[in-house]
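Here are my notes after a pass through the coordinates.

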Amino acid sequence: MYIFKRVNDIKKHIESLKEKGKTIGFIPTMGALHDGHISLIKETKTDIKVCSIFVNPTQFNDIKDLEKYPRTPSKDIDLLLESKSCDILFMPTVEEIYPLNFKAIDFDFGNIGNIMEGEFRPGHFQGMANVVHRLLEIINPDELIMGQKDFQQVAIVNLMLKQTKSNTKLVMLETKREKDGLAMSSRNIRLNESERNLAPLIYKNLLISKKNALDGHDFRTIESKFIENIEANKEFKVEYANIVDGTSLNIINNITDINYLVMCIATWLGNVRLIDNIIIKN
Ligand code: AMP
């Protein structure tokens with residue numbers, strides 16, 4: 001596995017691979033790698049797999065969240081080596097990604113950017129879309145691989161790729177879960193023991209919500225019931241639980257209304273903010 005820290009070095013290396021006709025797949029991450037990240041890399045089908053680790057400061061609306069974000073670079077490298085899944089690792093500094101002449105793009109994502117994560121984390125998607133755009137400029141991959149775990153993020157990146165007329169194909173891969181159903185996340189290591197024991201309730205209640213939606217129950221009642229069930233434990237504080245159209249992310253009222261339906265949720269568990277989702281119908 002090659003490790004690059006400098007933009008010019010990785011660019012040159014990737015250009016030489018492209019000249020040899022190799023296809024490039026790119027998996028951006030913020031590190032503190034877990035099996036969810038590794039499964040994305042393993043399932044990538046291109047000749048060369050490039051993973052990046054960069055904790056992007058511009059996508060954190062809360063400075064404390066940025067400070068507390070787990071950083072485990074040497075463990076990450078070990079995990080990547082052990083998995084034998086990654087060909088190139090890019091670990092740039094903030095200065096490499098944002099040189100003095102860097103100019104952020106002011107994207108307009110409309111409703112998709114303003115609801116759910118957009119509402120509760122103002123500025124998050126502008127920062128995320130800009131860093132993905134910048135990384136794509138550097139790596140210029142054939143495929144960009146992202147996890148369903150961050151469903152709204154995938155929808156935003158899809159829009160960004162269209163708006164910038166990018167040739168990169170976006171591939172969304174399934175959420176990898178712990179045995180008890182908890183979606184793997186870098187933030188899970190910040191849960192204390194009792195919070196960790198409660199965390200599987202999120203997926204359990206997403207499964208119940210999915211069943212009730214498919215059985216024709218009222219969607220607003222399903223969402224309220226989800227919140228009620230989770231918040232029966234005082235450690236949880238749900239920010240949103242919405243059944244939405246998987247493409248427009250508009251709120252949907254009825255199982256017959258639409259073919260692609262997803263329930264997206266965000267909740268605090270103690271001091272840790274967790275997100276998850278379930279595809280109800282596709
Ligand atoms: P992050 O490091 O959390 O920014 O995530 C980097 C990429 O890994 C994103 O595309 C995430 O959606 C994806 N990812 C994070 N957790 C999981 C998971 N449990 N299963 C699959 N993909 C994931």
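This is a predicted model: local features need pLDDT of at least 70, side-chain atom pairs count only at pLDDT 80 or more; totals for chains, interfaces and linings use all residues.

1. Start with Asn140, which comes out as partly exposed because its relative accessibility is 45%. It sits in the loop between helix H8 (124–139) and strand S5 (143–147).

2. Which loop is it in? Leu249 lies between S7 and strand S8 (261–269). Is Leu249 buried or exposed? Leu249 is buried, with a relative accessible area of 1%.

3. After H4 comes Lys84, with phi near 50°. After H9 comes Lys165, with its phi near 50° as well.

4. While we're at H4 (residues 73–83), look at how its faces divide up. Its buried residues are Asp76, Leu80 and Ser83. These span an arc of only 70° around the axis, so they end up on the same side of H4. Ser74, Lys75 and Glu82, on the other side of H4, are exposed. What do the buried residues of H4 pack against? Their partners are helix H2 (35–43), strand S3 (48–53) and strand S4 (88–90).

5. Helix H9 (residues 151–163) is next. Its 13 residues reach 19 Å from first C-alpha to last, close to the 18 Å expected at 1.5 Å a residue. The list of buried positions in H9 includes Phe151, Val154, Ile156, Val157, Met160 and Leu161. Gln152, Gln153 and Ala155 are buried in H9 too.

6. Now the charges. Side chains of opposite charge can pair when their charged atoms come close. The count for this model is 13 salt bridges. One of these joins Asp65 and Arg121, at 3.8 Å from N to O. Asp65 belongs to helix H3 (residues 63–68) and Arg121 to the loop between helix H7 (117–120) and H8, so this pair ties together parts 56 residues apart in sequence. Both partners, Asp65 and Arg121, are buried.

7. Arg220 and Glu223 give a local pair: their salt bridge has its closest N and O atoms 2.8 Å apart. They are about one helical turn apart, because they are three residues apart in helix H12 (residues 219–231). Arg220 is partly exposed at 28% relative accessibility, while Glu223 is buried at 8% relative accessible area.

8. Lys234 and Glu235 form another salt bridge, with 3.8 Å between the closest N and O atoms. Lys234 is exposed, with a relative accessible area of 74%, whereas Glu235 is partly exposed at 29% relative accessibility. As for pairs that link up, salt bridges with shared partners join Asp65, Arg121 and Arg187 into one network.

9. Asp245 is buried yet has no salt bridge. How far away is the nearest side chain of opposite charge? That side chain is Lys281, and it is 10 Å away. What Asp245 does have is a side-chain polar atom 3.3 Å from the backbone nitrogen of Ser248. Leaving out residues up to four places away in sequence, Asp245 touches Asn250, Ile252, Ile258 and Tyr260.

10. Last, Ile243, which is also placed in strand S7. Its relative accessibility is 0%, so Ile243 counts as buried. Beyond residues up to four places away in sequence, its contacts include Phe219, Ile222, Leu261, Val262, Met263 and Ile280. Ile243 also touches Arg220 and Glu223, the pair that forms the 2.8 Å salt bridge in point 7. Asn250, Ile251 and Ile252 are among the other contacts of Ile243. Ile27 is another matter: its C-alpha is 28 Å from that of Ile243, and the two residues are 216 apart along the chain.

Definitions and conventions: Residues are numbered from 1 along each chain as its sequence is written. Side-chain values use heavy atoms; hydrogens and water are left out. Buried means under 20% relative accessible area, exposed over 50%, partly exposed in between (1.4 Å probe, protein chains only). Helices (H or I, at least four residues) and strands (E, at least two) are DSSP runs, numbered from the N terminus. The arc is that of the directions from the helix axis to the C-beta atoms. Contact means heavy atoms within 4.5 Å. The expected span of a helix is 1.5 Å times one less than its number of residues. Lys and Arg count as positive and Asp and Glu as negative; His and the chain ends are not counted. A salt bridge is a side-chain nitrogen of Lys or Arg within 4 Å of a carboxyl oxygen of Asp or Glu. A polar contact is a pair of N or O atoms within 3.5 Å; within protein, one must be able to donate a hydrogen and the other to accept it, and residues adjacent in sequence count only if both atoms are side-chain atoms.
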